[in-house]
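Please keep the sequence and the model in view while reading.

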Amino acid sequence: MKSWRRTLEAFCLPFGAILFGLILFGIFCAAVGQNPLAVYGSIWKAGFGNWRTFQNTLIRAAPLMLTSLCTALPARLGLVIIGNEGALIIGGLAAVSIGLVLAGSAPPLIVQVGMAIMGMIAGGLWIASAGALRHYRGVNETISSLLLNYIAIALLNHLVGGPMRDPNSLNKPSTYPLPEADMLSNIPGTRVHWGLLLGVIACVIAYFLIQRTTFGFAARTAGGNIRAARIAGLSVGKLTVIVCFLGGACAGLAGMVEVAAVQGAANESLNVGYGYGGILVAFAARHNPLAAIVMSLLVGGILASGGVLQRSFGLPDATVLVFEGLIFLVVLYSDSLYGKFPFFKEKPVMSPPPPAPSAPTPTATT
Amino acid sequence: MAAEATQAIGWWGVLLAIAAGTMRGGTPFLFVSLGECLTEKSGKINLGLEGTLLTGAMTAYGVSYLTGSPWLGVIAAGIAGALLGVIHGWLSQQPRVNDVAVGIAMIIFGSGIAFFFGKPFIQPKAPQLPTIDLGNWSDIPALQAALQITPLFLLGLAIAPVMNWFFRSTRWGLFVRAVGDSPEAARAMGVSIFKVRMLSIIAGSFLAGIGGASLSLYYPGLWTERISSGQGLMAVALVIFARWNPIQCLWASLLFGGAQALGPALQSVGIKEGYYLFNAAPYILTLFIMIFTCSSKKMISGAPGALGTSS
């Protein structure tokens, strides 16, 4: 019996943190002269209120699930990779390139599979290079992966503005569009594309890979104690590169999904913050791929509500960034609270449980 | 013949623009890298300086526009940066909280704050910082423009040696180095690790905020959401390259400023091909510098001992 209290703690603290983040965001809204309750109401309605709007959330959650794995998988090795945005862009570019080459000469399914594979390989190699630099040259992986983001954005702008540009795209430079027939279709009866299913499958596979396989065990060992892993004969370098490749491949797949299901071409809309949202999802899910599914829905809902906040309250679109930032900060703070609430301790204490973790105060300890 | 002559000036123009860029573009790098240097000397990393830079740029521009005084803007930018530093300093020192992760969150939060409150300031024109014109003897406009130096650059030029002296020769500098190199020894000396790190992070963020002010009040001298393109993050790499030495931060900042000026300089003489790729020069430069200066075998000399550990 692995204490249910610990499990409860692992559930309550992140959700409590998000609740507390919501309260802080409400204070922020009140400070800029908006009614926090009305803002909450709109976010709820725009993100989760009914099936019609919930589909918007699902559409945004799909790439978030995939990009979150780009941070969550390497995190098991103790690496902080934040190149999600870059891997997504490179994956999207690679996918659209192969898609345009194959279009017309191959059946749609082959085109789509080709796009997915190319996107994954490109995104995977992109992040694997950060992992390799880390292992073989000692280059800080956080900074190198971030620099790779900027390089990817420059590459996107260069290709979309020049060599790959469709002359018909005037206001917003884009590549030539993919034929309608080769696009990813929607799940029947919904407006949600199949990318959502890919996201869920990727998260489930990642979970089993990390938690239930020898490979995952090796990765977690190396993440826990690199010296012990070496003594046990694990090839840490290979492990690092492979795990980074897998993470990057997921983000690359997200780029393929965005290109093949939403945009229809590669353009600057690839760079709208799914990468950074994915980092938030990964940390809020404590790098657990299954929890990332749930967190993606939450963050997807927040993203989906951005437009409504702008239209009904006149709040700038950056409101979503403030909201994400606040939640991220509070979630990180909640990490320091593990083991501090007597209620979640192994041995139940006689005193009544402390206040809900939604209002974590340092004074609530001991 | 005439065309040939303009062509010749044109190519000189590229060199001139890059030389000017070393100072113009180098100024924000200088402030952010000095701020990051101070922060890292105390043993914590602040990746969030990117957000601090943006918030500083927005605050400086907004305050300058509203009060008409750019210098008030500079001070306000520093204070805004310091406030973000308080959050980072406190949060990154909680148990089990990773300073790199807090930095990422602060990038999102800081840029959110900057874009949120900066929305009304995108259109209006705010008063700019005065410049010291050293090029008035020449009648070539490009040269005159290149020799317009901002007082902020001179300020940064002065801070670098002062910070070096601070680390080497003052009691407080010793505290910072002790906390960063060996927290145990610092604790034995009776120094409060929390306070020293808090103050170092706040002071570092103050400097980064001023770096933001130089973006919006000097060069490029406007406020847009794309005004900072990763300078705050490159500064982290720059500090590694500079071996945590404030004087070398100065040289590295000039180098990065020059690299950043490459794209616009080539564009000014009509080379539009690969504009975006040339704009990526600073990132590629940073990456290559890190590849060549880092090593998997040993810690880089000069690195604060406690950097990247959880102590």
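Chain A contains 14 helices and 0 strands, where helices (H or I, at least four residues) and strands (E, at least two) are DSSP runs, numbered from the N terminus. The radius of gyration of chain A is 21 Å, close to the 21 Å that the globule rule gives for 366 residues, so chain A is as compact as a globular protein of that length. Here the radius of gyration is taken over C-alpha atoms, and the globule rule is 2.2 Å times the number of residues to the power 0.38.

The model is predicted: local features need pLDDT of at least 70 and side-chain atom pairs count only at pLDDT 80 or more, while totals for chains, interfaces and linings use all residues. Residues are numbered from 1 along each chain as its sequence is written, chains are lettered from A and ligands numbered from 1 in the order in which they are written, and side-chain values use heavy atoms, with hydrogens and water left out.

Along its principal axes, the C-alpha trace of chain A spans about 70 × 60 × 35 Å. Of its 366 residues, 55% count as buried; buried means under 20% relative accessible area, exposed over 50%, and partly exposed in between (1.4 Å probe, protein chains only).

Where does chain A meet chain B? A total of 46 residues of chain A are in contact with 47 residues of chain B, contact meaning heavy atoms within 4.5 Å. The area buried between the two chains is about 3,800 Å², and carbon and sulfur atoms give 80% of this area. Buried area is the accessible area (1.4 Å probe) that two parts lose on being put together, summed over both.

Between chain A and chain B there is 1 salt bridge, a side-chain nitrogen of Lys or Arg within 4 Å of a carboxyl oxygen of Asp or Glu. This salt bridge joins the side chains of Asp317(A) and Lys119(B) (3.7 Å, N to O). Helices H5 (108-137), H6 (141-161), H11 (274-284) and H14 (319-334) of chain A each supply at least two residues of the side that touches chain B. H6(A) gives the most to that side, with 12 residues.

Finally, consider Trp90(B), which lies in helix H4 (residues 70-91) of chain B. Is Trp90(B) buried or partly exposed? At 35% relative accessibility, Trp90(B) counts as partly exposed. Leaving aside neighbours within four places in sequence, Trp90(B) is in contact with Tyr333(A), Phe194(B) and Met198(B).
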